Amino acid sequence: MTEDETGLFSDDAFERQPREIVAGVVHIPGWLSAYQQRWIAGQWEQWGRGPIPPHSPLVNGHPMSVRLTTLGWHWEAGRLTRRAREFGDAAPLPMPDWLIRLGRMAVEDAFSPLTAQSWPGLGQQELKAWADSYEPDVALINYYEPSAKMGMHQDKDERSSEPVVSVSVGDTALFRVGNPQTKSKPYQDVRLASGDLVVFGGPSRFMFHGVPKILPNTAPKGCPVERGRFNMTLRMTGWDDR
């Protein structure tokens, strides 16, 4: 395939406008600037040298194809804990204040009445007050090799039903937006490029979703993640302790 032909299938060839995919699910392309992507990638590198290194958790006895590290809480076989037994009972690094602020900005931007017309239907002042109350206390950071994927699942490890905030850096991924009832259709695949934001809450907070495919060699020029993809999700657990 020539360079001109490759351009036919680059992210620029697809619609790249902020939009509500289904009620409660908003995609904002290019939400992170190139500088912000580089800075956040540097933080991920530092966190990966922390007490809980990137690893492939076991799900139903099988290792995931992604590598995971966390802040605030440790994710282990479908549950959140304060300590990582498999790493000598290590405690995860705390959530930094700047990451909480990032989550609040994401919620406010995503659920603007101009973008999210179905839900939550708040005016600008109400939206600002709600976003300012968003207090994510866990960050799950996944690294996807080009061959990695993630099956359809629900994020139900938390007691809170506040939105999930997701940002990505690196190669483009196909993000499968499902429904809250079943892993099967109806669903739709959305291309998430480097720097994109997805937030899902309300009627879609517990939707099934997954990543069926990473598109290799699609990271933009100068991207700090040249191979594969980092994805970070922020959530409010609603747990005091476990």
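This is a predicted model: local features need pLDDT of at least 70, side-chain atom pairs count only at pLDDT 80 or more; totals for chains, interfaces and linings use all residues.
Me: Which residues in H3 are buried?

Reply: Burial is judged by relative accessible area, with under 20% counting as buried. In H3 the buried residues are Trp98, Leu99, Ile100, Leu102, Gly103, Ala106, Val107 and Ala110.

Me: Now for a pair of helices. At what angle do the axes of H2 and H3 cross?

Reply: The angle is taken between N-to-C directions. For H2 (residues 34-47) and H3 (residues 97-110), the axes cross at roughly 135° and come within 13 Å. Since only angles over 145 degrees count as roughly antiparallel, H2 is therefore oblique to H3. Their crossing is left-handed.

Me: Which residues of H2 and H3 meet?

Reply: From H2 come Trp39, Ile40, Gln43 and Trp47, and they meet Trp98, Leu99 and Leu102 in H3. Sorted by class, this contact has 6 nonpolar residues, 1 polar and no charged ones.

Me: And H3 with H4: how do their axes cross?

Reply: Here the axes come within 8 Å and cross at roughly 155°, with H4 covering residues 124-132. H3 and H4 are therefore roughly antiparallel to each other. The crossing of this pair is right-handed. On the H3 side the contact is made by Arg104, Val107 and Glu108; on the H4 side, by Gln124, Leu127, Lys128, Trp130, Ala131 and Asp132. These residues divide into 4 nonpolar, 1 polar and 4 charged.

Me: Let me pick out Asp132. Is Asp132 buried, partly exposed or exposed?

Reply: Asp132, which lies in helix H4, counts as partly exposed because its relative accessibility is 37%. Along the chain, Asp132 and Glu108 are 24 residues apart, while their C-alpha atoms are separated by 8.3 Å.

Me: Last, a strand residue. Is Ile21 buried or exposed?

Reply: Ile21 lies in strand S1 (residues 19-22), and Ile21 is buried, with a relative accessible area of 10%. To see what surrounds such a residue, look past its sequence neighbours. Leaving out residues up to four places away in sequence, Ile21 touches His27, Val177, Gln188 and Val190. For Ile21 and Val169, 148 residues apart along the chain, the C-alpha separation is 21 Å.

Key
Residues are numbered from 1 along each chain as its sequence is written. Side-chain values use heavy atoms; hydrogens and water are left out. Axes are lines fitted to C-alpha atoms, for helices over the stretch in contact, and angles run from 0 to 180 degrees between N-to-C directions. Helices (H or I, at least four residues) and strands (E, at least two) are DSSP runs, numbered from the N terminus. Angles under 35 degrees count as roughly parallel, over 145 as roughly antiparallel, 65 to 115 as roughly perpendicular and the rest as oblique. A crossing is left-handed if the near helix is turned anticlockwise from the far one by less than a right angle, and right-handed if clockwise. Contact means heavy atoms within 4.5 Å. Ala, Val, Leu, Ile, Met, Phe, Trp, Tyr, Cys and Pro count as nonpolar, Asp, Glu, Lys and Arg as charged, and the others, Gly among them, as polar. Buried means under 20% relative accessible area, exposed over 50%, partly exposed in between (1.4 Å probe, protein chains only).
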